[in-house]
Amino acid sequence: MRILMIEDEKYMARAVAEVLKKNRYTVDLVHNGQFGLDCALSNIYDIIILDIMLPERDGLSILKEVRRNRIETPVILLTARGQLEDKVRGLDLGADDYLAKPFHTDELLARLRALGRRPPALLNEGALSFADLQLLPHALMLKSNGQEIKLTLKEAQLLELLINHKNMIVSKDAIIEKIWGHDTDAADNHVEAHISLLRKKLSEIHSGSMIRTIRGAGYTLLAGEVGR
């Protein structure tokens, strides 16, 4: 399980990270809010541990932006003891849990185990739109210019990932991690095969949108003309 910890108290963050690593978690540490937001928006983490008081950008605004971008990664907020208002606001903004500082690492580990047991939300139920495309993840259906085509689960997940990262390059490693999971035998050729199939389906419904390969980096979704 890969964890992003956004905490500006460096000594404490490093101590917690060491405990997490000994418990077989992978941990990325970030010490300022703006870089923390950039990392969170990459959508490659399983859980985010987020302090509220941060330099450059506070934790609640990071949480708000993460949820605005439809990223549902579980978030544990770190709050000052007794700050009930911060806890309530954080939960209202989409936090999944909170811990008051100082906390015992055993309690944090218990919270992480509880969040890790939650079944992942593989697909959004609502429609996603991008240029001339409309993806209905729950129905595994893709529409464009009055035409529609059925997708497999993996194709729908892949297109959803690309839509949610529009104007960004999504690496093969990120695709494998998000769609096939951590403990998988899936390799680059699995991604290439599904990209190829998805391109064929975009062509079949005469969509102007396209998936561009960025050699050595990954893939990005480019907009087609609406009503083409």
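At what angle do helix α3 and helix α4 pack, and how far apart are their axes? Two packed helices are described by the angle between their axes and the distance between the axes. Here α3, covering residues 59-68, and α4, covering residues 84-93, pack at about 10°, and their axes lie 9 Å apart. An angle under 35 degrees counts as roughly parallel, so α3 and α4 are roughly parallel to each other. The crossing of α3 past α4 is left-handed. On the α3 side the contact uses Leu 60, Leu 63, Lys 64 and Arg 67, and on the α4 side Asp 86, Arg 89, Gly 90 and Leu 93. Sorted by class, that gives four charged residues, three nonpolar and one polar.

Keep in mind that this is a predicted model, and that α4 is the element with the lowest confidence in the protein chain, with a mean pLDDT of 79.

Leu 93 belongs to helix α4, and once the neighbours within four places in sequence are set aside, Leu 93 touches Leu 60, Leu 63, Lys 64 and Arg 67.

Helix α2, residues 33-41, crosses α3 at roughly 20°, and the two axes come within 10 Å. That angle makes α2 roughly parallel to α3. This time the crossing is right-handed. From α2 come Gly 33, Leu 37, Ala 40 and Leu 41, and from α3 come Ile 62, Glu 65 and Val 66. In the contact of α2 with α3, five residues are nonpolar, one is polar and one is charged.

Stepping back to the whole chain, the model has eight helices and eleven strands. Of its 228 residues, 43% count as buried. What share of the contacts with a separation of 6 or more comes from residues 24 or more positions apart? The share is 57%.

Met 1 is in the segment before β1, which spans residues 2-6. Its relative accessibility is 34%, so Met 1 counts as partly exposed. The C-alpha atom of Met 1 is 6.1 Å from that of Thr 26, a residue 25 positions away along the chain.

Leu 202 lies in helix α8, residues 188-204. Is Leu 202 buried or exposed? At 2% relative accessibility, Leu 202 counts as buried. Beyond four places in sequence, its contacts are Leu 133, Leu 142, Ser 207, Ser 209 and Ile 211. Leu 142 is 60 residues from Leu 202 along the chain, with 8.6 Å between their C-alpha atoms.

A few backbone details deserve a look as well. Most residues other than glycine have a negative phi, and most peptide bonds are trans. Pro 102 sits in the loop between β5 (97-101) and α5 (105-116).

Two residues are worth checking for phi. Arg 24 is not a glycine, yet has a positive phi of about 70°. You'll find Arg 24 in the loop between α1 (10-22) and β2 (26-30), where its relative accessible area of 78% makes Arg 24 exposed. His 206, also a residue other than glycine, has a positive phi near 60°. Its place is the loop between α8 and β10 (210-214), and with a relative accessible area of 46% His 206 is partly exposed.

Finally, how far should you trust what you see? The chain averages a pLDDT of 85, and 89% of the residues score at least 70. Confidence is highest in strand β3, residues 47-51, at a mean of 95. Over residues 119-123, though, pLDDT stays under 50, and for this stretch the model has eight contacts beyond four places in sequence. Where pLDDT is low, the predicted coordinates should not be read in detail.

Note on methods:
Residues numbered from 1 in each chain as written. Predicted model: local features only at pLDDT ≥ 70, side-chain atom pairs only at ≥ 80, totals over all residues. Heavy atoms only, no water. Axes fitted to C-alpha atoms, helices over the stretch in contact; angles between N-to-C directions. Helix = DSSP H or I, 4+ residues; strand = E, 2+ residues; numbered from the N terminus. Parallel < 35°, antiparallel > 145°, perpendicular 65-115°, else oblique. Left-handed = near helix turned anticlockwise from the far one by under 90°. Contact = heavy atoms within 4.5 Å. Nonpolar A, V, L, I, M, F, W, Y, C, P; charged D, E, K, R; others polar. pLDDT = per-residue confidence, 0-100. Buried < 20%, exposed > 50% of the residue type's maximum accessible area, 1.4 Å probe, protein only.
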